[in-house]
Amino acid sequence: MAGSEAGHAATNQLDGILTPKEVAAWLKVRPRQLGVLGVPCLDWGHKTKRYSAKDVQTWLDEQPRVRRWVA
């Protein structure tokens, strides 16, 4: 899936299982950043991580929002 397609697929199918590249495209970060951010994943063995779209959406909803005050 291409970048924007992965994001649409992730938001339209929250029951799906996604690869690191698909989740990274959805969140607009590099795949290596997913672990640093603490995105919940399914560890299916050596170098095999997958992501539940529903878990990623829940995690995303729980992240604090940065509010900027304009003076």
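In the predicted model, the protein exposes about 5,600 Å² of surface, and carbon and sulfur atoms supply 52% of this area. Of its 71 residues, 25% count as buried.

The protein contains four helices and three strands. Along the sequence these elements are arranged in the pattern α-β-α-α-β-β-α. Among contacts between residues at least 6 apart in sequence, 41% join residues at least 24 apart.

The largest nonpolar core consists of 11 residues, namely Leu18, Val23, Ala24, Trp26, Leu27, Leu34, Val39, Tyr51, Ala53, Val56 and Trp59. At least two residues of this core come from each of helix H2 (20-27) and helix H4 (53-62). The most is given by H2, with four residues. Within the core, Val39 touches Val23, Leu27, Leu34, Tyr51, Val56 and Trp59, when residues up to four places away in sequence are not counted.

Lys28 lies in the loop between H2 and helix H3 (33-37), and its phi is near 60 degrees, a positive value in a residue other than glycine. Lys28 has a relative accessibility of 74% and therefore counts as exposed, since the cut-off for this class is over 50%. Lys47 is located in the loop between strand E2 (42-43) and strand E3 (49-52). Although Lys47 is not a glycine, it has a positive phi of about 60 degrees. With a relative accessible area of 77%, Lys47 is exposed.

Definitions and conventions:
Residues are numbered from 1 along each chain as its sequence is written. This is a predicted model: local features need pLDDT of at least 70, side-chain atom pairs count only at pLDDT 80 or more; totals for chains, interfaces and linings use all residues. Side-chain values use heavy atoms; hydrogens and water are left out. Buried means under 20% relative accessible area, exposed over 50%, partly exposed in between (1.4 Å probe, protein chains only). Contact means heavy atoms within 4.5 Å. Accessible areas come from the Shrake-Rupley method with a 1.4 Å probe; for residues, only the protein chains shown count as cover. A nonpolar core is a set of buried Ala, Val, Leu, Ile, Met, Phe, Trp, Tyr and Cys residues joined through side-chain atoms within 4.5 Å.
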